Amino acid sequence: MLTDAVEHQARTVPVSLDAFLANIERRAWRMARMALGDPEEAHDAVQDAMLRLVRSYRSKPAEEWTPLFWGILRRRITDLQRRRKVRSIMVGWIGGGRDADGDELPAWEAPDNGPGPQHRLADQQSWAAVSEAVQTLPQRQREAFMLRTLEQLSVAETAAAMGCSEGSVKTHLSRALSSLRDQLEGWR
């Protein structure tokens with residue numbers, strides 16, 4: 001029990017900003033990738049969020065870096081989603097979702113982590129189902145789910161990152177979990 005508290009304390013208070021960024025980079029990329037669906041855009045969003053944190057908030061206490069970073073990343077993802085929406089409207093007026101060669105643009109695929117073909121297929125299908133279900137959530141519910149469940153931020157840290165009250169975080173998370181349970185019932 002005491003080691004859990006010490007481990008949690010060590011996880012929540014990074015030694016340096018470099019250590020904090022190194023620790024959070026992969027999880028942030030996964031979250032951005034899930035929200036944006038494009039690995040390149042996710043990488044750009046994470047890099048932009050890290051740069052903004054370093055440039056604007058390096059003098060803040062280490063305890064504040066986590067909610068600050070997730071808030072910055074959340075806003076960057078929202079900006080990219082808005083740009084994508086405008087771009088898709090423009091593409092809709094000009095032409096369809098095809099590349100320069102006329103081929104249909106690729107869809108996002110789940111990572112290949114399984115040891116065998118059957119396991120890989122099951123992983124891809126379940127990851128795709130979860131990803132699709134999370135993407136169908138309203139934006140605020142998706143943010144609350146990813147920050148609380150995947151990143152395991154506290155309610156207060158999540159509220160700070162999302163720029164809302166703790167009660168709103170709880171409501172958004174509750175609704176997200178209920179919706180995900182309904183959507184993923186077949187995967188139990």
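Student: Hi! Where is the place of Gln141?
Tutor: Gln141 sits in helix H6, which covers residues 139-150. Keep in mind that this is a predicted model.

Student: Is Gln141 buried or exposed?
Tutor: Gln141 counts as buried because its relative accessibility is 13%, and the cut-off for buried is under 20%.

Student: And which residues is Gln141 in contact with, leaving aside its neighbours within four places in sequence?
Tutor: Those are His172, Arg175 and Ala176.

Student: New topic: at what angle do helix H7 and helix H8 pack?
Tutor: The angle is about 95°, and the axes of H7 (residues 155-162) and H8 (residues 166-183) are 8 Å apart. That makes H7 roughly perpendicular to H8.

Student: Which residues in H7 meet which in H8?
Tutor: From H7 there are Val155, Ala156, Thr158, Ala159 and Met162, and they meet Glu166, Val169, Lys170 and His172 of H8. By class, this contact has five nonpolar, two polar and two charged residues.

Student: What does the Glu151 and Arg27 pair tie together?
Tutor: Glu151 lies in the loop between H6 and H7 and Arg27 in helix H2, so the pair ties together parts that are 124 residues apart in sequence. Glu151 is buried at 5% relative accessibility, whereas Arg27 is partly exposed at 29%.

Student: What about Asp48 and Arg76?
Tutor: Their side chains meet in a salt bridge too, at 2.7 Å from N to O. Asp48 is in helix H3 and Arg76 in helix H4, 28 residues apart.

Definitions and conventions:
Residues numbered from 1 in each chain as written. Predicted model: local features only at pLDDT ≥ 70, side-chain atom pairs only at ≥ 80, totals over all residues. Heavy atoms only, no water. Helix = DSSP H or I, 4+ residues; strand = E, 2+ residues; numbered from the N terminus. Buried < 20%, exposed > 50% of the residue type's maximum accessible area, 1.4 Å probe, protein only. Contact = heavy atoms within 4.5 Å. Axes fitted to C-alpha atoms, helices over the stretch in contact; angles between N-to-C directions. Parallel < 35°, antiparallel > 145°, perpendicular 65-115°, else oblique. Nonpolar A, V, L, I, M, F, W, Y, C, P; charged D, E, K, R; others polar. Salt bridge = Lys/Arg side-chain N within 4 Å of Asp/Glu carboxyl O.
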